[in-house]
Amino acid sequence: MTTQVKDEVIHDSFTVQRRYRSGVQAVWRAFADPEVKRRWFAEGEGFEVLEYGLDFRVGGREHGSFKVLNAPVPLGVVSNETRYFDIREGRRIAAAYSMSNDGVPFSVSLVTVTFEPDGDGTLVTHHESATFFEGADGVGMRERGTRSLLESLAKELGEEAAQVAWRG
């Protein structure tokens, strides 16, 4: 549900599901291991990573700063600051994160990611409730970015990225 209030603050949410052939343990590790997560989450074509860190525990923090090369709109240094509030190994992650451009916040989100066995594979469900401020990317771009990240995870797991794998 989308609602708009004064001062161009927009509240919105989305849910994305992605099935992986890999088992829950392998998919979970890709979220929990700092080196593995950096590869699929922070690095990638078109991004210059300036800083990244992951302390994956309840009360822990994930943070990163990067430049988007050849961005369609002018961007400075984009930063992400995440706090973990609930972690149930192999089952669930609940976190909140903020994003900023050159130190100016443009969104805050509450995210829950669940991991369910699906045959020999894993079904990952990402649900995000976001507040977008002036100049923010908006829910459409955020959902596309999340889908892109989940495809990067597929590549990290040695799986082919395929549009037919999407649900939701």
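**Entry 1: the fold**

How many helices and strands does the chain have? I found 3 helices and 9 strands, taking helices (H or I, at least four residues) and strands (E, at least two) as DSSP runs numbered from the N terminus. A reminder to myself: this is a predicted model, where local features need pLDDT of at least 70, side-chain atom pairs count only at pLDDT 80 or more, and totals for chains, interfaces and linings use all residues. Residues are numbered from 1 along each chain as its sequence is written, and side-chain values use heavy atoms, with hydrogens and water left out.

Reading from the N terminus, I noted the order β-β-α-α-β-β-β-β-β-β-α-β.

**Entry 2: overall dimensions**

I looked up the box next: along the principal axes, the C-alpha atoms fill roughly 45 × 35 × 35 Å.

Of the 168 residues, 40% are buried; buried means under 20% relative accessible area, exposed over 50%, and partly exposed in between (1.4 Å probe, protein chains only). I also checked the contacts (heavy atoms within 4.5 Å). Among those between residues at least 6 apart in sequence, 48% join residues at least 24 apart.

**Entry 3: surface and charge**

The chain exposes about 9,300 Å², with 52% of that supplied by carbon and sulfur atoms. These areas come from the Shrake-Rupley method with a 1.4 Å probe; for residues, only the protein chains shown count as cover.

I counted charges too: there are 20 positive and 26 negative side chains, and the centres of the two sets lie 3 Å apart. Here Lys and Arg are positive and Asp and Glu negative, while His and the chain ends are not counted. Each charge is placed at NZ of Lys, CZ of Arg, CG of Asp or CD of Glu.

**Entry 4: the core**

Which residues have the most contacts inside the largest nonpolar core? They are Tyr20, Val27, Phe31, Ile93, Phe115 and Leu153, in a core of 31 residues. Elements giving two or more residues to this core include β2 (9-20), β7 (104-118) and α3 (138-156). The most comes from α1, with 5 residues. A nonpolar core is a set of buried Ala, Val, Leu, Ile, Met, Phe, Trp, Tyr and Cys residues joined through side-chain atoms within 4.5 Å.

Apart from neighbours within four places in sequence, Val27 is in contact with Tyr20, Ser22, Phe115, Thr122, Val124, Leu153 and Leu157.

Arg57 is partly exposed at 44% relative accessibility, and Val58 is partly exposed at 48%. Setting aside neighbours within four places in sequence, Arg57 contacts Tyr84 and Ile87, while Val58 touches Tyr84, Phe85, Asp86 and Ile87. C-alpha to C-alpha, Arg57 and Tyr84 are 6.6 Å apart; for Val58 and Phe85 the separation is 5.2 Å.

**Entry 5: Val68**

I ended in strand β4 (residues 61-68), where Val68 is found. Its relative accessible area is 25%, so Val68 is partly exposed. Val68 and Phe47 are 21 residues apart along the chain, with their C-alpha atoms separated by 4.8 Å. Beyond neighbours within four places in sequence, Val68 is in contact with Gly46, Phe47 and Leu75.
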